[in-house]
Amino acid sequence: MRIDIISALPELLESPFRHSILKRAHDKGLLDVQVHDLRAFGLGRHKQIDDYQFGGGAGMVMMAEPLAAAIESLQAARSYDEIIFMTPDGVLLDQPLANRLSLKKNLLLIAGHYKGIDERIRDEFVTLEVSIGDYVLSGGELPAAVLTDAIGRLLPGVLNDETSALFDSFQDNLLAPPVYTRPAEFRGRRAPDVLLSGHAQAIEDWRLEQSLQRTRERRPDLLEEE
Ligand code: ADE
(Lines give C-alpha, C1' and ligand atoms only; values in the text may rest on other atoms or scores of the structure.)
Protein backbone atom coordinates (compact mmCIF):
# COMPACT_ATOMS: atom_id res chain seq x y z
CA MET A 1 0.00 0.00 0.00
CA ARG A 2 1.09 3.55 -0.63
CA ILE A 3 0.08 6.56 1.45
CA ASP A 4 0.97 10.07 0.30
CA ILE A 5 0.58 12.93 2.74
CA ILE A 6 0.46 16.60 1.77
CA SER A 7 1.56 18.83 4.64
CA ALA A 8 2.68 22.39 5.30
CA LEU A 9 4.81 21.06 8.17
CA PRO A 10 6.43 17.89 6.82
CA GLU A 11 9.01 17.96 9.65
CA LEU A 12 6.23 16.90 12.01
CA LEU A 13 5.90 13.66 10.08
CA GLU A 14 9.56 12.73 9.88
CA SER A 15 9.66 10.45 12.89
CA PRO A 16 6.34 8.59 13.32
CA PHE A 17 6.92 6.16 10.46
CA ARG A 18 10.57 5.42 11.20
CA HIS A 19 10.07 3.16 14.20
CA SER A 20 8.64 -0.08 15.33
CA ILE A 21 5.78 -1.61 13.41
CA LEU A 22 5.48 1.00 10.67
CA LYS A 23 9.22 0.80 10.05
CA ARG A 24 8.90 -2.94 9.72
CA ALA A 25 6.03 -2.47 7.27
CA HIS A 26 8.24 -0.15 5.24
CA ASP A 27 11.29 -2.45 5.38
CA LYS A 28 9.19 -5.39 4.20
CA GLY A 29 7.93 -3.31 1.26
CA LEU A 30 4.33 -3.49 2.53
CA LEU A 31 3.78 0.21 3.20
CA ASP A 32 5.32 3.19 1.45
CA VAL A 33 4.59 6.53 3.15
CA GLN A 34 5.65 9.65 1.27
CA VAL A 35 5.33 13.13 2.77
CA HIS A 36 5.09 16.10 0.40
CA ASP A 37 5.84 19.68 1.38
CA LEU A 38 2.94 21.91 0.36
CA ARG A 39 5.26 24.90 0.34
CA ALA A 40 6.94 23.55 -2.79
CA PHE A 41 3.68 24.39 -4.56
CA GLY A 42 3.31 27.82 -2.93
CA LEU A 43 2.60 30.95 -4.94
CA GLY A 44 5.16 33.57 -5.93
CA ARG A 45 8.53 34.40 -4.54
CA HIS A 46 7.43 33.75 -0.97
CA LYS A 47 5.84 30.41 -1.80
CA GLN A 48 2.60 31.60 -0.23
CA ILE A 49 0.20 28.85 0.85
CA ASP A 50 -2.31 30.69 3.06
CA ASP A 51 -4.28 33.91 3.02
CA TYR A 52 -6.89 35.91 4.97
CA GLN A 53 -10.37 34.49 4.85
CA PHE A 54 -13.06 36.20 2.81
CA GLY A 55 -15.61 37.88 5.03
CA GLY A 56 -13.07 38.56 7.74
CA GLY A 57 -12.36 36.71 10.95
CA ALA A 58 -9.32 35.40 12.74
CA GLY A 59 -7.10 32.77 11.25
CA MET A 60 -5.56 32.10 7.88
CA VAL A 61 -6.98 29.76 5.30
CA MET A 62 -4.92 27.42 3.16
CA MET A 63 -5.28 28.56 -0.44
CA ALA A 64 -6.86 26.45 -3.16
CA GLU A 65 -4.16 26.82 -5.82
CA PRO A 66 -1.14 25.33 -4.02
CA LEU A 67 -3.26 22.45 -2.71
CA ALA A 68 -4.71 21.77 -6.17
CA ALA A 69 -1.22 21.85 -7.71
CA ALA A 70 0.11 19.42 -5.08
CA ILE A 71 -2.83 17.03 -5.48
CA GLU A 72 -2.71 17.11 -9.27
CA SER A 73 1.03 16.52 -9.39
CA LEU A 74 0.51 13.37 -7.30
CA GLN A 75 -2.50 12.28 -9.35
CA ALA A 76 -0.36 12.47 -12.48
CA ALA A 77 1.70 9.55 -11.14
CA ARG A 78 -1.10 7.34 -9.75
CA SER A 79 -4.80 7.33 -9.13
CA TYR A 80 -6.04 7.35 -5.54
CA ASP A 81 -8.70 5.17 -3.98
CA GLU A 82 -9.49 7.97 -1.53
CA ILE A 83 -8.35 11.55 -1.06
CA ILE A 84 -8.76 12.11 2.65
CA PHE A 85 -8.85 15.47 4.41
CA MET A 86 -8.05 15.28 8.12
CA THR A 87 -10.51 17.58 9.89
CA PRO A 88 -12.40 17.72 13.19
CA ASP A 89 -15.70 17.90 11.26
CA GLY A 90 -15.03 14.63 9.39
CA VAL A 91 -16.37 11.15 10.18
CA LEU A 92 -14.94 9.77 13.40
CA LEU A 93 -12.11 7.32 12.89
CA ASP A 94 -12.95 3.91 14.31
CA GLN A 95 -11.72 0.36 13.79
CA PRO A 96 -14.17 -0.51 10.97
CA LEU A 97 -13.03 2.57 9.02
CA ALA A 98 -9.34 1.65 9.56
CA ASN A 99 -10.13 -1.91 8.44
CA ARG A 100 -11.88 -0.67 5.32
CA LEU A 101 -9.06 1.72 4.37
CA SER A 102 -6.41 -0.98 4.93
CA LEU A 103 -7.82 -2.79 1.89
CA LYS A 104 -7.02 0.12 -0.45
CA LYS A 105 -3.96 0.50 -2.63
CA ASN A 106 -3.26 4.24 -2.82
CA LEU A 107 -4.40 6.84 -0.30
CA LEU A 108 -3.76 10.57 -0.36
CA LEU A 109 -4.02 12.37 2.98
CA ILE A 110 -4.24 16.13 3.31
CA ALA A 111 -3.13 17.67 6.60
CA GLY A 112 -4.69 21.08 7.05
CA HIS A 113 -3.45 23.97 9.13
CA TYR A 114 -4.50 27.39 10.24
CA LYS A 115 -8.24 27.92 10.06
CA GLY A 116 -8.77 25.20 7.49
CA ILE A 117 -8.51 24.78 3.75
CA ASP A 118 -10.44 26.57 1.04
CA GLU A 119 -13.80 24.79 0.78
CA ARG A 120 -13.43 24.38 -2.98
CA ILE A 121 -10.60 21.89 -2.48
CA ARG A 122 -12.96 19.79 -0.38
CA ASP A 123 -15.63 20.08 -3.07
CA GLU A 124 -13.31 19.39 -5.98
CA PHE A 125 -10.91 16.70 -4.76
CA VAL A 126 -11.65 15.29 -1.33
CA THR A 127 -13.54 11.98 -1.25
CA LEU A 128 -13.47 11.35 2.51
CA GLU A 129 -13.08 13.57 5.58
CA VAL A 130 -11.79 11.98 8.76
CA SER A 131 -11.61 13.19 12.36
CA ILE A 132 -9.59 11.36 15.00
CA GLY A 133 -11.73 12.63 17.88
CA ASP A 134 -13.93 15.39 19.21
CA TYR A 135 -11.14 17.80 20.03
CA VAL A 136 -9.18 20.26 17.95
CA LEU A 137 -5.48 19.84 17.22
CA SER A 138 -3.28 22.54 15.77
CA GLY A 139 -2.92 20.73 12.47
CA GLY A 140 -3.74 17.62 10.53
CA GLU A 141 -0.25 16.07 10.74
CA LEU A 142 -0.75 14.13 13.96
CA PRO A 143 -4.20 12.95 12.82
CA ALA A 144 -2.64 11.83 9.50
CA ALA A 145 0.03 9.91 11.46
CA VAL A 146 -2.66 8.32 13.65
CA LEU A 147 -4.67 7.23 10.61
CA THR A 148 -1.55 5.90 8.88
CA ASP A 149 -0.59 3.88 11.96
CA ALA A 150 -4.09 2.47 12.40
CA ILE A 151 -4.11 1.37 8.75
CA GLY A 152 -0.48 0.28 8.40
CA ARG A 153 -0.51 -2.22 11.26
CA LEU A 154 -3.46 -4.01 9.68
CA LEU A 155 -1.69 -4.79 6.39
CA PRO A 156 -1.16 -8.54 6.02
CA GLY A 157 2.39 -9.48 7.02
CA VAL A 158 3.07 -6.33 9.05
CA LEU A 159 2.42 -7.82 12.47
CA ASN A 160 4.57 -10.80 13.36
CA ASP A 161 1.69 -12.90 14.51
CA GLU A 162 -0.66 -12.44 11.61
CA THR A 163 -3.71 -13.08 13.71
CA SER A 164 -2.90 -10.65 16.47
CA ALA A 165 -4.72 -7.65 15.01
CA LEU A 166 -7.87 -9.76 15.12
CA PHE A 167 -7.72 -9.69 18.91
CA ASP A 168 -7.25 -5.96 19.29
CA SER A 169 -9.71 -3.89 21.20
CA PHE A 170 -12.64 -2.87 18.96
CA GLN A 171 -12.36 -5.80 16.56
CA ASP A 172 -15.67 -7.59 17.31
CA ASN A 173 -16.81 -4.47 19.18
CA LEU A 174 -15.05 -5.71 22.34
CA LEU A 175 -12.24 -4.20 24.37
CA ALA A 176 -9.14 -6.38 24.70
CA PRO A 177 -8.70 -8.52 27.84
CA PRO A 178 -5.92 -7.78 30.37
CA VAL A 179 -2.49 -9.25 29.61
CA TYR A 180 0.33 -10.43 31.90
CA THR A 181 3.93 -11.52 31.52
CA ARG A 182 6.71 -12.66 33.87
CA PRO A 183 7.04 -12.63 36.81
CA ALA A 184 3.97 -14.66 37.83
CA GLU A 185 3.84 -12.62 41.05
CA PHE A 186 4.60 -8.89 41.21
CA ARG A 187 4.42 -7.03 44.54
CA GLY A 188 1.99 -9.55 45.91
CA ARG A 189 -0.26 -9.51 42.82
CA ARG A 190 -0.48 -12.85 41.08
CA ALA A 191 -1.23 -13.26 37.41
CA PRO A 192 -4.49 -15.21 36.99
CA ASP A 193 -3.84 -18.92 37.45
CA VAL A 194 -5.83 -19.80 34.36
CA LEU A 195 -3.26 -18.07 32.15
CA LEU A 196 -0.53 -20.28 33.63
CA SER A 197 -2.66 -23.43 33.43
CA GLY A 198 -1.83 -24.34 29.85
CA HIS A 199 -5.54 -25.10 29.15
CA ALA A 200 -6.13 -23.42 25.80
CA GLN A 201 -9.94 -23.58 25.98
CA ALA A 202 -10.04 -22.31 29.56
CA ILE A 203 -7.74 -19.44 28.61
CA GLU A 204 -9.87 -18.53 25.62
CA ASP A 205 -13.05 -18.60 27.73
CA TRP A 206 -11.42 -16.45 30.43
CA ARG A 207 -10.24 -13.89 27.85
CA LEU A 208 -13.68 -13.61 26.29
CA GLU A 209 -15.30 -13.21 29.72
CA GLN A 210 -12.78 -10.51 30.65
CA SER A 211 -13.34 -8.73 27.33
CA LEU A 212 -17.08 -8.73 27.87
CA GLN A 213 -16.76 -7.55 31.47
CA ARG A 214 -14.35 -4.78 30.54
CA THR A 215 -16.55 -3.66 27.66
CA ARG A 216 -19.66 -3.69 29.88
CA GLU A 217 -17.88 -1.57 32.51
CA ARG A 218 -16.03 0.88 30.29
CA ARG A 219 -17.78 1.03 26.94
CA PRO A 220 -21.33 -0.33 27.18
CA ASP A 221 -22.09 1.67 24.02
CA LEU A 222 -20.02 -0.84 22.00
CA LEU A 223 -22.30 -3.69 23.06
CA GLU A 224 -25.39 -1.75 22.07
CA GLU A 225 -24.25 -1.21 18.47
CA GLU A 226 -25.81 -3.23 15.64
N1 ADE B 1 -7.25 18.62 12.62
C2 ADE B 1 -7.37 19.28 13.78
N3 ADE B 1 -8.02 18.56 14.69
C4 ADE B 1 -8.32 17.37 14.09
C5 ADE B 1 -8.99 16.18 14.52
N6 ADE B 1 -9.51 16.07 15.75
N7 ADE B 1 -9.09 15.18 13.64
C8 ADE B 1 -8.59 15.29 12.39
N9 ADE B 1 -7.96 16.38 11.94
C10 ADE B 1 -7.82 17.41 12.77
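Contact is taken here to mean heavy atoms within 4.5 Å, and on that basis L31, leaving aside its neighbours within four places in sequence, is in contact with M1, I3, L22, A25, H26, T148, G152 and L155. The structure is a predicted model, in which local features need pLDDT of at least 70 and side-chain atom pairs count only at pLDDT 80 or more, while totals for chains, interfaces and linings use all residues. Residues are numbered from 1 along each chain as its sequence is written, and side-chain values use heavy atoms, with hydrogens and water left out.

The chain is divided into domain 1, residues 2-152, and domain 2, residues 169-224, with bounds that come from an automatic or database domain assignment. The C-alpha centres of domain 1 and domain 2 lie 37 Å apart.

We turn next to the sheet. Helices (H or I, at least four residues) and strands (E, at least two) are DSSP runs numbered from the N terminus, and two strands pair if DSSP finds at least two bridges between them. In these terms, 5 strands form an open sheet with parallel pairing, in the order β2-β1-β6-β5-β7. Strands β2 (32-37) and β7 (128-131) stand at the edges with a single partner strand each, so one side of each is left without a neighbour in the sheet. From one strand to the next the twist averages 30 degrees, where axes are lines fitted to C-alpha atoms, for helices over the stretch in contact, and angles run from 0 to 180 degrees between N-to-C directions. Strand β1 (residues 2-7) pairs with β2 in the parallel sense over 6 bridges, and the bridge partner of I5 in β2 is V35. Helix α2 (residues 64-75) packs on this sheet, where it touches β1, β2, β5 (82-92) and β6 (106-111), and its direction makes about 160 degrees with that of β1. Helix α5 (residues 141-152) also packs on the sheet and touches β1, β2, β5 and β6, with a direction that makes about 155 degrees with that of β6.

In soluble globular proteins, nonpolar side chains tend to be buried together. A nonpolar core is defined here as a set of buried Ala, Val, Leu, Ile, Met, Phe, Trp, Tyr and Cys residues joined through side-chain atoms within 4.5 Å, and buried means under 20% relative accessible area, with exposed over 50% and partly exposed in between (1.4 Å probe, protein chains only). The largest such core has 29 residues, of which I5, L31, I84, L101, L107, L109 and L147 touch the most other members. At least two residues of this core are supplied by each of β1, α1 (20-27), β5, α3 (95-101), β6, β7 and α5, and the largest share, 5 residues, comes from α5. Apart from this core lies another, of 20 residues, among them A8, I49, L67 and F125.

D32 is partly exposed, with a relative accessible area of 25%, whereas R2 has a relative accessible area of 17% and is buried. R219 and D221 form another salt bridge, at 2.9 Å, N to O, in which R219 is partly exposed at 30% relative accessibility and D221 is partly exposed at 33%.

The backbone deserves a last look. Most residues other than glycine have a negative phi, and most peptide bonds are trans. The peptide bond from R182 to P183, however, is cis, with omega near 5 degrees, and P183 lies in the loop between α5 and β8 (185-186). N173 is found in the loop between α5 and β8 and has a positive phi near 60 degrees; at 16% relative accessibility, N173 counts as buried. S20, in helix α1, has a positive phi of about 50 degrees although it is not a glycine, and S20 is exposed, with a relative accessible area of 56%.

Definitions and conventions: Salt bridge = Lys/Arg side-chain N within 4 Å of Asp/Glu carboxyl O.
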